[in-house]
Amino acid sequence: MRPRTGTGVSSRPIGRTIGYGILYAALAVTAVLQLLPLLWLLLFSLKNNQEIFNLAPFAVPKQLHWSNYATVWEQGKIGRYFLNSIWITAASVVCTILLANFVTFAMTRMKWKLHKAVLGLFMVGMMIPVHSTLIPLFSLFKTIHLKDSQISIVLSYVAFNLPLTIMILIGFYYALPREVEEAAVMDGCSVNRMFFRIVLPMTVSVSVTAAIINMIYNWNEFIFVNTFLSSDGKKTLTVGIQNFVGQYTTNWGAIGATLMISILPILVLFFLLSNRIVEGIAAGSVKG
């Protein structure tokens, strides 16, 4: 009986090694496929119009046209659009995360009537199509004198991102230990101080995950900016790309350079906060 047991035990590590090898190979292939669009965009941004249409998609041009980046930064006002995108995205994300934490704390920690109905009302907001709100919002902002104002963009982003952010946070709030909050109350801590000093720091991981999701949406959004903002100096990167589309000619290399510049902040943020994102996703999936 002993030889059979030894054979079975020794065969398990071999099968496990083969399984891990197949898994790593599949992950490596997936990673390469994910990087191919970025490589294509980089090569695209370093070509002129003739090379873009005549060369293969992944062909390296004989001369790298780094001047495309200088053109979009100096002539295309990309620097101004870039700063507009940064402050609008940052303001929207901070307001959304803070308001969503307020709402989620009230839903999970306070007892009041109709709190389930209010939560359901927020969730209904996820089912409202963006396009159906353009005309009512445009009329509203015109009435309250926020037409062609970047504040209207911030308000729109906050309103549309709140339901999803609350849904991400609420599972984590249910998993938070109430004993910590009860001990704070016993020590004479007020509700406001308990929220900002104890509860909010405990939700950093899941809040970072929600902030990343909000940032990606806000950074890449096009419809609201194109509809509500008419002044060229107030627009963001996604709309500023149109400057290189002419009536008769289009500078495709400059468009590629603009797109490459626009995705760099997202990539940097993912590299810096990748661990926080994984922690937040795992924490937000646990309830009870």
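Let's start with helix 10. Its buried residues are Ser205, Val206, Ser207, Val208, Thr209, Ala210, Ala211, Ile212, Asn214, Met215, Asn218 and Trp219. This is a predicted model, by the way.

Now the length of helix 10, residues 204-220. At 1.5 Å a residue, its 17 residues should span 24 Å. The end C-alpha atoms are 24 Å apart, so the two agree.

Next, Thr238. You'll find Thr238 in helix 12, residues 237-240. Buried or exposed? Thr238 has a relative accessible area of 19%, and the cut-off for buried is under 20%, so Thr238 counts as buried.

What does the side chain of Thr238 reach? One of its polar atoms lies 2.9 Å from the backbone oxygen of Glu221. There is also a polar contact with the side chain of Thr236, at 3.3 Å. Set aside neighbours within four places in sequence, and Thr238 is in contact with Trp219, Asn220, Glu221 and Phe222. Trp219 was on the buried list for helix 10.

Last, the core. The largest nonpolar core has 55 residues. Which members touch the most others? Val72, Ile153, Tyr173, Met194, Val199, Phe224 and Phe228. Helix 7, residues 150-175, gives the most to this core, with 11 residues.

Take Val72 from that group. Again leaving out neighbours within four places in sequence, Val72 is in contact with Lys77, Ile78, Phe244, Ala254, Ala257, Thr258 and Ile261.

One bit of background to finish. In soluble globular proteins, nonpolar side chains tend to be buried together.

Definitions and conventions: Residues are numbered from 1 along each chain as its sequence is written. This is a predicted model: local features need pLDDT of at least 70, side-chain atom pairs count only at pLDDT 80 or more; totals for chains, interfaces and linings use all residues. Side-chain values use heavy atoms; hydrogens and water are left out. A nonpolar core is a set of buried Ala, Val, Leu, Ile, Met, Phe, Trp, Tyr and Cys residues joined through side-chain atoms within 4.5 Å. Buried means under 20% relative accessible area, exposed over 50%, partly exposed in between (1.4 Å probe, protein chains only). Helices (H or I, at least four residues) and strands (E, at least two) are DSSP runs, numbered from the N terminus. Contact means heavy atoms within 4.5 Å. A polar contact is a pair of N or O atoms within 3.5 Å; within protein, one must be able to donate a hydrogen and the other to accept it, and residues adjacent in sequence count only if both atoms are side-chain atoms. The expected span of a helix is 1.5 Å times one less than its number of residues.
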